[in-house]
Amino acid sequence: MSDFRPDVEGLRAVAVIVVLLFHANLLSFTGGFIGVDVFFVVSGFLITRLLVKEMATHGTISLPAFWARRARRLLPAAVLTLVVTLVFANWILPPLRQREVLTDAFFVSGFVVNFRFARTLGDYFGAQLGAITPSPLLHYWSLAVEEQFYLVWPATMLLLSRRPRQFRRLLTTVIIAVGVASLLVSVWWTENNPTAAFYLLPARMVELLSGALLAVAGTAVTRWSPVLRGRLGWIGLFGIAVAAVFYDESVAFPGTAVLLPVVATMAVIVAGMAPSWEGGPSRLLNLDALQWVGRHSYAIYLWHWPVLVLAEARQGSLSVFERLVAIAVSCALAALSLHFVENPVRFSKALAAPASRGLALGAALTAGALAMNGVLWGSQPDLTGGGQAAHITLEAGVDAAASETAGSGAAPDDPAVDASRTSSPVKAPAGEASAPAPAPTDLAGLVAATQRILADAATNDAVPSNLRPSLTRAGDDKAQPYRDDCVNIGVEPHVKNCRYGEKGSAKKFVLYGDSHAAHWFPAMDAIAKQRGAELIVLTKGGCPPADVPIKTNTLGRTCPVFRNEAVELIAKVKPALVVISAQSDYFNKDSEWQAGMVKTLKRIAPHTKDLVVLADNPGSADIPANCLSRHLTSASACNNRRERAIAPGRLAAETAAAVAAGGRVIDPTDWMCTPSTCPVIVGDILLYRDADHLTTEAADFLMPLLRAALFA
């Protein structure tokens, strides 16, 4: 086997091209993420081939020399891209996002950023790539996987080399055994922990070892007919193309689905082994254009993602032309870094021997990246506009409707009761816990008061120092059910039937829906306690109550199970009130959404006295905490326009569905928006923890409005 394989260089080009097309959202390469899997197989093949050759030549493997070569090959370009990305991120991104990127960079420097993303991100396809501003360092996860492999695999081969006569047999056995175990882990994690399956080495080892298997079995494979191998190579290229075009977020990946790009890549590598067939794919892969891209593939991979992410953060949504320009810029940066950084360091004789020099270079580059990280951390501004804001509340008085029913036998939430008077606390009906009387149910008066508050808030330009929650804590400001593990996420299909409010009460309220239902929990919990009702929380992130298709594989499997169990529990409990809520930006058309909501609501309606669809709250134009960190003294710049904040088509669909099922709809738009503007700060309260989820403080503030709408 020769040291340089032009066909493998062309295969690198194919891998990086499909990744580029996927990330730039061009030509419908929805499965372009499999380019990384092609890289993994190629890396496993090349690295293992070099180590086997070293073992055959010298009788042993030098770990310091190997790691020094890897440091010279990978770190100069990786650190250069990291530092440049940090500098531009510090210029382009809002201060709060800068802090998140700096945290990512810290983990990148330690070669463990894949663990950070596996822990902090949800579904790879929906949560991060679909985010308003994804991390410009997200693509470093694959480098971390390879670097971890480079630590483990050479040491394993060195251990096996202690029995030189049995080396190849032992190595083949280990590759097969560990590869099969890794595939089983991948399948299990894809089903039960898909984020870990995507980002972590145990599930990805099978891809790297598939390439290693070819390196160990190389001479045996060359005995196959060159024509047969060539045809297998064409089939392999076709398999890569099929995966790149037809895979998407609905595929359970990696799991068993990874076998298509992995086996296809192996077939292409086998086709190029000498002697090769002139009619095989090597002639295509040897084209000058592909050779140039393949030679620059590592640098292109490093540069393209931060260029795309930061360009979009700067310019907004990019046009096709702008995305093509971003790719061209990435290729230009790759050419410069290869010529002036990668090759000079990689082929430096002074750094090549002894190995300690290469290791010292790697340590110095890592230390330099950490130092830059520290400098940029030290330059982060204080995230407050100065001054304090008054705490604003809509609470006032007690609930006449409840007091009228004290001792009368009427239900406290009977809408026929006059709500114009006030009196003493409620006497609970038999079998129900007593509760303090809530505030007035004059919805029109509350909305009018809220509109005046919102009008004042819309012109406020200072981010108060007593903001609740603070900008740095906003993203983690989730309701109590999240802390109690009572909001299903990801692969969790079964309802958890968590109880709040007045636990044990005969009267039951149900809050059902996705994460947009969960963020109303503080308000619903307070209302349930005031009404002497037990609150049952049935929420699952990313799972709409409407019976509609879901794109992502994990949620596509688990959402129907959760929905059925939620409806069955409601039928069993027969609650006095069911409040259903969901975000409005699922990909389904309004007509499909309406039909799906009708199905669900008609299943629930016979089992409750009051069926309420709480329409989605208005959203913000950006993640408010990020925007406000840039506009500490001009907060109104982060407000959203009302027409952009709402989805009238989805509201109309939900209204029609509720009417068809005998329920009703509550529209909270006027609770959060003036006729023209939706502010993100009201007094000392930050309304949003991200682009569309309410903070717990916002839910508390809006509670009187929700209570009045439910029981007026």
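Leaving aside neighbours within four places in sequence, Asp 477 is in contact with Pro 469, Arg 689, Thr 695, Thr 696 and Glu 697, where contact means heavy atoms within 4.5 Å. The model is a predicted one, in which local features need pLDDT of at least 70, side-chain atom pairs count only at pLDDT 80 or more, and totals for chains, interfaces and linings use all residues. Residues are numbered from 1 along each chain as its sequence is written, and side-chain values use heavy atoms, with hydrogens and water left out.

- Asp 477 is located in the loop between helix H21 (443-458) and helix H22 (480-483); helices (H or I, at least four residues) and strands (E, at least two) are DSSP runs, numbered from the N terminus.
- Asp 477 is buried but has no salt bridge, and Arg 483, the nearest side chain of opposite charge, is 6.2 Å away.
- Buried means under 20% relative accessible area, exposed over 50%, and partly exposed in between (1.4 Å probe, protein chains only).
- A salt bridge is a side-chain nitrogen of Lys or Arg within 4 Å of a carboxyl oxygen of Asp or Glu; Lys and Arg count as positive and Asp and Glu as negative, while His and the chain ends are not counted.
- Pro 469, one of the residues in contact with Asp 477, is also placed in the loop between H21 and H22.
- The peptide bond that leads from Arg 468 into Pro 469 is cis, with omega near -15 degrees.

**Aromatic pairs and the Phe 253 region**

- There are 20 aromatic pairs in the structure; rings of Phe, Tyr and Trp (its six-membered ring) pair if their centres lie within 6.5 Å, and planes under 30 degrees apart count as stacked, over 60 as edge-to-face and the rest as tilted.
- Phe 33 and Phe 253 form an edge-to-face pair, with 5.0 Å from centre to centre and 75 degrees between the planes.
- This pair joins distant parts of the chain, 220 residues apart: Phe 33 is in the loop between helix H1 (6-23) and helix H2 (35-58), and Phe 253 is in the loop between helix H12 (226-246) and helix H13 (259-271).
- Phe 33 is buried, at 4% relative accessible area, and Phe 253 is buried as well, at 5%.
- Ring pairs join a cluster made up of Phe 22, Phe 33, Phe 40, Phe 117, Trp 141, Phe 198, Tyr 199, Tyr 247 and Phe 253.
- The peptide bond from Phe 253 to Pro 254 is cis, with omega near 5 degrees, and Pro 254 lies in the loop between H12 and H13.

**Helix H5**

- Phe 117, a member of the ring cluster, is among the buried residues of helix H5 (residues 113-120), which are Val 113, Asn 114, Arg 116, Phe 117 and Ala 118.
- These buried residues of H5 pack against helix H4 (95-109), helix H7 (140-160), helix H9 (194-199) and helix H10 (201-216).

**Thr 558**

- Thr 558 belongs to helix H25 (residues 553-573) and is buried, with 4% relative accessibility.
- A polar atom of the Thr 558 side chain lies 3.3 Å from the backbone oxygen of Gly 490.
- Apart from neighbours within four places in sequence, Thr 558 is in contact with Gly 490, Val 491, Glu 492, Pro 493 and Lys 540.

- Gly 386 is in the loop between helix H19 (355-378) and helix H20 (400-404) and is partly exposed, at 37% relative accessibility.
- The C-alpha atoms of Gly 386 and Ser 465 are separated by 5.4 Å, although these residues are 79 residues apart along the chain.
- Beyond its neighbours within four places in sequence, Gly 386 is in contact with Ala 462, Val 463, Pro 464 and Ser 465.
- Ala 332, in helix H17 (residues 320-346), is partly exposed, with a relative accessible area of 41%.

**Positive phi values**

- Asn 497 is not a glycine, yet has a positive phi of about 50 degrees; Asn 497 is in the loop between strand E1 (487-488) and strand E2 (498-501) and is partly exposed, at 29% relative accessibility.
- Lys 574 also has a positive phi, near 50 degrees, in a residue other than glycine; Lys 574 is found in the loop between H25 and strand E5 (577-581) and is exposed, at 52% relative accessible area.

Key: A polar contact is a pair of N or O atoms within 3.5 Å; within protein, one must be able to donate a hydrogen and the other to accept it, and residues adjacent in sequence count only if both atoms are side-chain atoms.
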